[in-house]
Amino acid sequence: MTGPDDLAAQLDPGRFPRDFVWGAATSAYQVEGGFDAGGRGVSIWDTFARQPGTTVHGDTGDIACDHYRNWREDVALMRDLGLGGYRLSVSWPRLQPGGRGALNPVGVAFYRELLGTLADSGIRPLVTLYHWELPQPLEDAGGWPSRDTASRFAEFAGLAVEALGDLAADWITVNEPWCQAFLGYESGKHAPGRRSLPDAVAAAHHLLLAHGLAVRAIRGASPRARVGIADLLTDVVAASSDEADLAATARYDANSNRLFLDPVLGRGYPDCVHELYDRRGLAASVVAGDEEVIGAPIDFLGVNHYQRVLVHADPADGHLGAVGVPAEPATTSLGWSVTPDALRSVLVRVSREYSPVPIYITENGASYPDYVDPTGQVRDVERVSYLASYLAAAAEAIEAGVDLRGYFHWSLLDNFEWGEGYRSRFGLVYVDYGTQRRIPKASAAWYRDFISRHRRRA
Ligand code: FCB
């Protein structure tokens, strides 16, 4: 039997197409810091993280990896890794502090320099326009449950692409609308910390509408732009063949996956979504024509993938009547497990069940309790195994016919993991937050070697 460590040594880079993009990902609030620099406005995350009890240790993104000042060093790290792509997000409140009106020239200059340097380094940027940083004034005006927020976002997207579109061709509208809608407005675990299911459902619809309106605005601003969305796809598996568990699994899947995939890929909301949500805010939010806007053709689908869950029926759960648990015992921090076959499964599902668009894995990775050992190294052997096993699963998906074009590991750097703060480390590169020193981990060395072996074969 081949163990994970053999796999790391043996994984054949020739299983990936020649022009496959090897990348890593971050998001602005999680790495930039510089929260009050250069006229940046306030976002819902600035406000939320300052409230006691919302994040581990009361951590905030005020400083984070101070990428706002250290970005040149970070681009040099990407170059050393041999990355062909880098997924970053632009901060809405840095570019448009109040959420409406003209862009902030200091913010524009920051991203122009960063994107220009990436281009000079041969690294193709994939830029996310919304990675959860809603300007606070827009939340005060109703936030995502309010329809107007979708229009505000589309206007921002058009302006941002007008200002930066000569330096980046690939754009992601919204990152993980599921997390923003349900963690932000139903469970309250993420900003803005509200707790209402109908608000979460309205938010989900308006995030999708924001995506559709932004697709138009981006194409209007830059005809050469390629546009997609980054959707969190969870592999949802029934815990038994019991009828109640199967029905619960279908509802869980409707919430996690189909609420987003179906309308974005041009099918409108499926019956299972109408059944769950029409009376809980959806019917009241949808206006005639919305589904056509949301289903505007996209150039690629971004797949963020982390988990396989086993679902069983639970009448005590008021939302879905279902509970999902990790499919395997947790072997990473945050209680998540390692199930590489789940990645193959979600990729094959999207490509078989929906009309095919090129796919990028826009996030995949794991958090481990990494530390600097007495020799000054960070030997994250677990992440090496994780990476090799998920890449092997991605190769299997390609072999099964999936049009997979690239892989962006989450994350380039350890960073501010939202409610989990700095305790959770997802990076290929370790960050010592007190000194801002970067130490590439063993996983970074493995990834660099794998990328260079792929390049040599191509
Ligand atoms: C995803 C987020 C990303 C990061 C990873 C671990 O849900 O998009 O910002 O926090 O999880």
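Visitor: What should be kept in mind about the model and its numbering?
Guide: This is a predicted model in which local features need pLDDT of at least 70 and side-chain atom pairs count only at pLDDT 80 or more, while totals for chains, interfaces and linings use all residues. Residues are numbered from 1 along each chain as its sequence is written, and side-chain values use heavy atoms, with hydrogens and water left out.

Visitor: Which residues are around the ligand?
Guide: Gln30, His131, Trp132, Asn175, Glu176, Tyr306, Glu363, Trp410, Glu417, Trp418 and Phe426. A residue is counted if one of its heavy atoms lies within 4 Å of the molecule.

Visitor: How many of the shell residues are nonpolar, polar and charged?
Guide: The shell has five nonpolar, three polar and three charged residues.

Visitor: And what is 2.5 Å from an oxygen atom of the ligand?
Guide: A polar side-chain atom of Glu176. Glu417 has a side-chain N or O atom 2.7 Å from a ligand oxygen, and for Trp418 the distance from a side-chain N or O atom to a ligand oxygen is 2.9 Å. The protein covers 96% of the 290 Å² of accessible area that the ligand has on its own; areas come from the Shrake-Rupley method with a 1.4 Å probe.

Visitor: Changing topic, which peptide bonds are cis?
Guide: One joins Ala191 and Pro192, with omega about 5 degrees. Another runs from Trp410 to Ser411, with omega near 15 degrees. Trp410 is also one of the residues around the ligand.

Visitor: Where is Pro192, and where is Ser411?
Guide: Pro192 is in the loop between α9 (177–185) and α10 (197–221). Ser411 is in the loop between β11 (404–410) and β12 (429–432). Helices (H or I, at least four residues) and strands (E, at least two) are DSSP runs, numbered from the N terminus.

Visitor: What about His57, what is its phi?
Guide: His57 has a positive phi of about 65 degrees, although it is not a glycine. His57 lies in the loop between α3 (44–49) and α4 (67–81). Ala64 is found in the loop between α3 and α4, and it too is a non-glycine residue with a positive phi, about 50 degrees.

Visitor: Are those two buried or exposed?
Guide: His57 counts as exposed, at 69% relative accessibility. Ala64 is buried, with a relative accessible area of 4%. Buried means under 20% relative accessible area and exposed over 50%, with partly exposed in between (1.4 Å probe, protein chains only).

Terms used. Polar contact = N/O pair within 3.5 Å; in protein donor to acceptor, adjacent residues only side chain to side chain. Nonpolar A, V, L, I, M, F, W, Y, C, P; charged D, E, K, R; others polar.
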